[in-house]
Amino acid sequence: MSLYRYLLLLSCTIIMLGSPRVGAEDAPSDALKSFLAAQQQPLPLHVNFVQRRSIEGLPRPLVSKGELTITATQVLWHTQQPLQQQLTISAEGITAGGDGTTMRGSEVVAQLLLAVLQGDAEALAQSFSYQQTEHCLALQPKAAQLQQFIREITSCGSAGIEQVTIEETQGNRSVITFTTRESQADATH
C-alpha cells in the first residue's frame, strides 16, 4: 500500500472518529472514560515508535522507526528509518516536511486527530463499538464505509498507550509500539 493510500486510510479513520452521530447508545461508559483517562500522559509527551506493517503477500513486515512528540497544540511525527519524513499535525492542518505548506483540506483531519489524542470518549463511543480489557481497548467501526477498510483498532497499555494495532479487512496489519523517551529537560539533568 502506498504512503498516500495509507495516509488516506488513516484520515478516514480519524474522520470517522469525529462523525457526529448522537444517541443514547453512543454515550461512552464510565469504564471507557476511566480507561482513556488512565492512558493520558502529561504534555509534552516524547515517545519513540516502531511500526511494523504486514502486507498480505509479502514475506516480512515493513519496519519504520522514529519519534513522536505530542504537545497541547500539535503532534510532530518524525520517521527516521528507513526514510526521513516529518509531519506536523496542528489545528491548522497537516504539514509535511519543513517548508510550512499545509496539505490542502487537512484541517478537519488534523483537528480530529488532536481530539483523538486528547482521549475524547464521546467521539470514540459515537463511531466505534468497543470491548475493553484491563489494559486494552478494541474498537470496531460502526460506519459501513470504514468497515470496508478496517476490521479493528486495538490500543493497549498499562500507564499510557504502549501499542496500537490496526487490522485491515484485506489481511494487512500495522502494529505501532511506543516507548517513552526522556524529554530534553530530563536529559540535561
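Student: Which residue in strand 10 is the bridge partner of valine 50?

Tutor: The bridge partner there is threonine 177. This is a predicted model, in which local features need pLDDT of at least 70 and side-chain atom pairs count only at pLDDT 80 or more, while totals for chains, interfaces and linings use all residues. Residues are numbered from 1 along each chain as its sequence is written, and side-chain values use heavy atoms, leaving out hydrogens and water.

Student: What makes strand 1 and strand 10 a pair?

Tutor: Two strands pair if DSSP finds at least two bridges between them. Strand 1 (residues 45–54) and strand 10 (residues 173–180) have eight bridges in the antiparallel sense, so they meet that rule. Strands here are DSSP runs of E, at least two residues long, and helices are runs of H or I of at least four, both numbered from the N terminus.

Student: Why are strand 5 and strand 6 called edge strands?

Tutor: The open sheet has 10 strands in the order 5-4-3-2-1-10-9-8-7-6, with antiparallel pairing. Strand 5 (93–96) and strand 6 (128–132) each pair on one side only.

Student: Why is threonine 69 called buried?

Tutor: Buried means under 20% relative accessible area, exposed means over 50%, and partly exposed is in between (1.4 Å probe, protein chains only). Threonine 69 has 12%, so it counts as buried. This residue lies in strand 2 (residues 62–70).

Student: How do you know that a polar contact joins the side chains of threonine 69 and histidine 46?

Tutor: A polar contact is a pair of N or O atoms within 3.5 Å; within protein, one must be able to donate a hydrogen and the other to accept it, and residues adjacent in sequence count only if both atoms are side-chain atoms. The contact between these side chains is 3.4 Å, so its distance falls within that limit.

Student: What makes cysteine 136 and cysteine 156 a disulfide?

Tutor: The definition asks for a pair of cysteine sulfur atoms within 2.5 Å. Here S to S is 2.0 Å, so the pair qualifies.

Student: Are cysteine 136 and cysteine 156 buried or partly exposed?

Tutor: Cysteine 136, at 22% relative accessibility, counts as partly exposed. Cysteine 156, at 18%, is buried.
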